[in-house]
4 protein chains.
Amino acid sequence: MVLNLNDGGINEECGVIAIYGDNGVDPTSAACYGLHALQHRGQTSCGIAVSDDSGMRYRKGNGLVIDYFTPKILEELSGARSAIGHVRQGRKGQESSILAQPIVVNSRIGSLAVSMNGSITNREELMADLKQSGTLFHTNTDAELFINMLSRTCISGNMTGAVISTLAFAKGSYSIVVMTDKEIYALRDSSGNKPLTLGRLNGNWVVASETCALDIIGAEHYRDVLPGEVVRIDDTGLHSELVRGGEQNRCIYEYLYFSRPDSIIDGKSVYESRVEFGRRLAKVLPVKADMVVGVPDSALAAASGYAQASGIPQGDGLYKNRYSGISVSHATHGKPERGVRLKLNAIKDNVAGKKIILVDDSILKGTTSKWIVEMLRAAGAKEVHMRISSPPFKYSCIYGLYSISNSELIGKEHSSDNINAMIGSDTLAFLPLEDMIGAMGEEKDFCSCCFNRE
Amino acid sequence: MVLNLNDGGINEECGVIAIYGDNGVDPTSAACYGLHALQHRGQTSCGIAVSDDSGMRYRKGNGLVIDYFTPKILEELSGARSAIGHVRQGRKGQESSILAQPIVVNSRIGSLAVSMNGSITNREELMADLKQSGTLFHTNTDAELFINMLSRTCISGNMTGAVISTLAFAKGSYSIVVMTDKEIYALRDSSGNKPLTLGRLNGNWVVASETCALDIIGAEHYRDVLPGEVVRIDDTGLHSELVRGGEQNRCIYEYLYFSRPDSIIDGKSVYESRVEFGRRLAKVLPVKADMVVGVPDSALAAASGYAQASGIPQGDGLYKNRYSGISVSHATHGKPERGVRLKLNAIKDNVAGKKIILVDDSILKGTTSKWIVEMLRAAGAKEVHMRISSPPFKYSCIYGLYSISNSELIGKEHSSDNINAMIGSDTLAFLPLEDMIGAMGEEKDFCSCCFNRE
Amino acid sequence: MVLNLNDGGINEECGVIAIYGDNGVDPTSAACYGLHALQHRGQTSCGIAVSDDSGMRYRKGNGLVIDYFTPKILEELSGARSAIGHVRQGRKGQESSILAQPIVVNSRIGSLAVSMNGSITNREELMADLKQSGTLFHTNTDAELFINMLSRTCISGNMTGAVISTLAFAKGSYSIVVMTDKEIYALRDSSGNKPLTLGRLNGNWVVASETCALDIIGAEHYRDVLPGEVVRIDDTGLHSELVRGGEQNRCIYEYLYFSRPDSIIDGKSVYESRVEFGRRLAKVLPVKADMVVGVPDSALAAASGYAQASGIPQGDGLYKNRYSGISVSHATHGKPERGVRLKLNAIKDNVAGKKIILVDDSILKGTTSKWIVEMLRAAGAKEVHMRISSPPFKYSCIYGLYSISNSELIGKEHSSDNINAMIGSDTLAFLPLEDMIGAMGEEKDFCSCCFNRE
Amino acid sequence: MVLNLNDGGINEECGVIAIYGDNGVDPTSAACYGLHALQHRGQTSCGIAVSDDSGMRYRKGNGLVIDYFTPKILEELSGARSAIGHVRQGRKGQESSILAQPIVVNSRIGSLAVSMNGSITNREELMADLKQSGTLFHTNTDAELFINMLSRTCISGNMTGAVISTLAFAKGSYSIVVMTDKEIYALRDSSGNKPLTLGRLNGNWVVASETCALDIIGAEHYRDVLPGEVVRIDDTGLHSELVRGGEQNRCIYEYLYFSRPDSIIDGKSVYESRVEFGRRLAKVLPVKADMVVGVPDSALAAASGYAQASGIPQGDGLYKNRYSGISVSHATHGKPERGVRLKLNAIKDNVAGKKIILVDDSILKGTTSKWIVEMLRAAGAKEVHMRISSPPFKYSCIYGLYSISNSELIGKEHSSDNINAMIGSDTLAFLPLEDMIGAMGEEKDFCSCCFNRE
């Protein structure tokens, strides 16, 4: 799927990383490379905080990791014992650099730094309670709420207790890394909705949102942080302080769209998941066609699976402009169809005269799909059969992670037939939810609230 | 005196402003012009927060007021009912935009914004106490300490009580404006060390560090905030909530150097004070000379007074380059004598062959004075008699306002004769402290700690 | 192939565009979108010049098209009758914005603007001659040489004569658009080495380096400019002023690597050419394997062809980070292997345990290939068979277009077997030149000097 | 006078500098300091070109000297044998960095660099002739015209001949420095309208617009370049190649306003000239008053002279905000009276109750004067008598140097009495032209075209 920024569509939320230990590696440099690998999770701001015996230092601001972290800034942060970092996707109107993470504060328990991916659903209640006893909020972010909860609940400097306590109070979906002067904490809410994984590098520990951040620095995957687990890392190693059972509810959209295909989330390859979605999709409403075309980049793996199962060869039908990353928004001057044109073009010679199976991973408003179908027909496609490797997207996220409103979702109000007519495809089919869940294997603990609000 | 930034010399600290009411004026625009008039009090960062029934908005960052507040930013803040603003001088290594003011937070008593000029001397004690009960500090600033004290001490939403309470706990030297959703508070510690004044404009109220900020927007001077006074401004007008007597200790350096000469501080004209310092200086160690030369800009008024009292005509002997404002530091490439050359040049034709009385307002390290004397001699001056319109500067500020260390102050270790030899002048004289105090009039409530540590 | 900026490798040279006519379209806006589509041809600087009865206006500078051309700048240029534009790739040390194009000058024949892609090989001789009669050169660019030749050779204001004359004198490889106050000229040297194509949009004329620039604005492809042709466009339409026969010598690297796959160059689909290279490559040194993996992005089409011809399924084995565009260079801090890691990661689950055919489009220094092979082996690949869809790259470009030196090219000194050992692949094969030429069809007029210096 | 940028008033044109020789000094560094001293002559752009046996290097762009020439840029240019530099004041709409000087080109006679202050009045004729023989113009600047004339007229590499030839053809007012690979040329048109002076530093030669640029680097004044003189500097020393007699016509505005008061132009102190203007002004329409107030900064010297001659003491009545340099324009948001308020404030205590003689150096549109008079009255002045140390400014410059149009000049259409009524002063008097000329001494060769068009 091509994410059209003018859609006000799904926000890929955030990415976090932490490194403990400087054996043969500079934690700052490792954090920087790791954040670059996680850049797809957020492009608005980035930041790194580091800690050693001389205290904490940090730098954060707006921009891509490779732009913001110049050699000069990295030099200022080098030589520490541990580091945590963050990339953030700001929603429209929430792009101020004041909102960049990690949040770093001084407290009675020393310096604290927090990087967070996710959302606290009972935030209003918690914030009101903290305010009542005098807490001030400089921003409206869940990360600032979280760090204040840590401070409020901490007794006798027992930081482990404070983290566990906070986990007990904060509902929602979140993966968080906390850095103190001596330790790193990693925690994941009991639903396990957002990913968080552990790696090793030269005996040092790494925590990251996805395994691709381990790969880039040559770290080995150790295991994932468990849903409801609090992990503490210090000079004596890694300690699992708690695993609090709960109803697991891993976000299936991480497999479908958010995560990088080369990541392995909770033991399941993102790439393989997408291929299997495509294989199962091939069973739904099969048609004869000459070529399977995936919408680059995120639907290419599903198209590959579709081709495998259907026997119809996969081919390249669309070219994606690699210079249309994040700044394309202003260039469209309010004409959203230009957003698609700036990013995609049909490869005419390979499309002309063919019956096409067009595989995408989701339909939100439907406008992007309509323009792609039109583009393929203009390039000479004889038929365009749209296949979506997920069920109709009907509801906004129960965790509040993605900002699209229900009323904008074409899947909320319209039947598949209606949508087919609206986007102008010859036929349209979605992957049924049971197939999607089935593709994920035996564990049935996935959150599919955006499809069925359950 | 020419402030040499390479000296690590005196920091002109900060300036504050607040406007309540939008009768015929846009508070944002008025705050912006007022801050421009106060720019001499701080050039590192600036900011404005505004309030109306829709809540608070703010913008702050590094740069001069006329550079940072573009028409686009002013437009974003326009149309409010009240505004507070701040200009800040960051010491070396403390230039991060994260330290910009006003500080704006959400609290149980709604939104709060604070702009502060000055220093809390028992900050460690207060901060430790607040931390103990869970408060987090995002920065190390006194303004953040102050706003947390407001929140901590506030009971039942009684903001007036909180401001009074904070005044009771926080020792030091400070002038502060606070904006809530409905009110503006202005307060000054009981020493009255830092200035704070009140003005009226179309029935609206203005609070500012100096009267020059009233002049620029056409506001009339109403009165000064009293030492130890808490003033509250709301829809019903201005209310003096408290005047807490204390030992007054107004900063005499405000008259000598910090404030603009066109300002009137606590009823006393800065310009007239400087002229009177010069008049009295003329009685000390009188010599025959052809011309009185003031070091531009801050010593010109004292030179004028010297000329009046001595009968020796004042003349221009030094030209100050008006493009050497704040960015001269890097251009010297570590050769501090260049700092003076980049700013000053002798007007040879008017200096050659003359016996010169050179009037400056202070000597810190002595290096600047030495270079100026050399420059005048090279331009042909027959004699250079240095006259300083203040006593030797011997001690750093008891309030911690200025960052120069005692060991760097030439006046700490050396006699006047020694200094004369070191800077190469023919004679050297300082204004005795009793004359300086005497020049200020009948009230003897001035802080002269930098001269005598009393 | 992943272009490693630290390699000092191939520079994708430049892209040009021109629009004549404002019927239902703003030429400035169309030029801007077209340049965005051509962005892959140069990312250092961009510029647009426009003309109408009030004269010429232009804006140019460093940066990507979507970054530099803000709505404000586009507004300044809007409302013209014709426009020409340029994107430029600056070699290392040649990034100054002074070198941005188009070049715009005033001359006896009015205003002139020129955008150029390519290189004049007898530049020293021509420049010396022009200097001899007094011409000054502000830069060392061929575009400035060209515009001076236009001016020097123009007699009686006959611009068509000047363009033809210049074509006769300037040897080398170039595609150029010229804008006068009333006309647009498009010309291509007789070798036809660099592409240049014509399109129509609402009756207006478009000239562009590639057809993808036509597609983005919805223009129809009309035909290509012929090798050795001078085209003139004015109010009366398009006029072919000259076709000067010559030995055609189209750059085969445009098909292999430079151009976008969705472009059609001189009637030949870039995408189809790459697929055919892959098909023919499958006949060379066939091995049994489980999966064909293309190096994204430029070698994916060749991998597709290899899969078709070999019957071995194509799969995704490498993930390319889409945020590693142009600024990755500084992030590697002099460690070039990081350049590859910042861009590529193996998709472990899809690679592990498999015998891989790894298809890339070329090998320059060999370092990138070595790291990719290592990465796949570390991900568990049992075998890695490297297949290159072009012959060994042995010589730098005779037209001087690409800056790599012969001594750095691994293909110059080493046999295929040696290279196989150096990069650590199990087997290695290149596409023979005759197959490459054969794949291009019946016309044998391609330049393959980088392979065989003929 | 306070130059109101919204006035579209007088542009201080440009400043030039050149250094030949590296004996104990880095020419680049010396040029940079010299340009800083000349910053008052132009704040839009700056640049330095350097030459040594390895050829020429240069850097130029928009911004103040101390902002643009960072240590990094200076380092790139360091270590040369000679340097030339330029500061430029761009008129409204002419601020593009493309117009920055020096202009540096390659030609048949090697590299050439030119920095120019002034204007060529027969430019259209010369430019047309050069165009006719094929010359292209990248800009519309006289400097580019000049450098093309050098190239065109040069025969057999005789650069001295080319410079003399160009001097013979180019009419107008200009001071120019030219750098070749081996030499520096300095020339001044025969009217001597613009200043140009020579200095020595450690045996090296310096050429600069004003002596203040010599002072800042410690160079000794050697002599001025004569009107109509061509000076050549090379390894063998300084050579006067030609003095071409002509009607001298030195710009009296240089003494009144443009030059720095610490400069000595053609043997006449700028400061002393201004003082003498003031002394003579005191004889015109004398009135009783309490204090003479000069408008800072440029009229302070004249006020000093007025005070000397009248016996009325000089005092400070206006404070000038030192942060209102060049960026004040946007802050006024189209309300020009704010431009004055942003820069000036009355020193009330020193003004209140007094009869004031207000001395300024000129009146252009009259709006600034009106606001200053109002400001002093609002501050309590009992009377304000305006005295202008020059005649009414009636005509724009015959050399085209200053861009104000005749119709905007209040002195063109209105009598002194009318102007007095319009600006609201009690009385108004101008210095008669004969007194102004008389003040300059015995030589009557001054251009006063702006006063009398003669």
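The model is predicted: local features need pLDDT of at least 70, side-chain atom pairs count only at pLDDT 80 or more, and totals for chains, interfaces and linings use all residues. Residues are numbered from 1 along each chain as its sequence is written, chains are lettered from A and ligands numbered from 1 in the order in which they are written, and side-chain values use heavy atoms, with hydrogens and water left out.

The size of an interface is often given as the accessible area lost when the parts come together. Between chain A and chain C about 4500 Å² is buried, with 54% of it on carbon and sulfur atoms; buried area is the accessible area (1.4 Å probe) that two parts lose on being put together, summed over both. On the side of chain A, the three residues A:Tyr33, A:Ile66 and A:Tyr323 supply 16% of the area buried against chain C, more than any other three residues.

Charged pairs come next. Side chains of opposite charge can pair when their charged atoms come close. The count between chain A and chain C is 2 salt bridges (a side-chain nitrogen of Lys or Arg within 4 Å of a carboxyl oxygen of Asp or Glu). The side chain of C:Asp215 meets that of A:Lys348 in a salt bridge, at 3.0 Å from N to O. A:Asp215 likewise forms a salt bridge with C:Lys348, and the closest N and O atoms are 3.0 Å apart. A:Asp215 lies in helix 7 (residues 212–216) of chain A and C:Lys348 in helix 13 (residues 348–351) of chain C, so this pair joins two chains. Helices (H or I, at least four residues) are DSSP runs, numbered from the N terminus. Over all chains, a search of the whole structure finds 108 salt bridges.

Chain C also meets chain D, in a contact that takes 21 residues from each of the two chains. The area buried here is about 1900 Å², of which carbon and sulfur atoms give 52%.

The axes of helix 9 (residues 270–281) of chain C and helix 10 (residues 300–310) of chain C come within 6 Å and cross at roughly 45°; axes are lines fitted to C-alpha atoms, for helices over the stretch in contact, and angles run from 0 to 180 degrees between N-to-C directions. Helix 9 of chain C and helix 10 of chain C are therefore oblique to each other (angles under 35 degrees count as roughly parallel, over 145 as roughly antiparallel, 65 to 115 as roughly perpendicular and the rest as oblique). Residues making the contact include C:Tyr271 and C:Arg274 of helix 9 of chain C and C:Ala301 and C:Tyr306 of helix 10 of chain C.

Conventions: Contact means heavy atoms within 4.5 Å.
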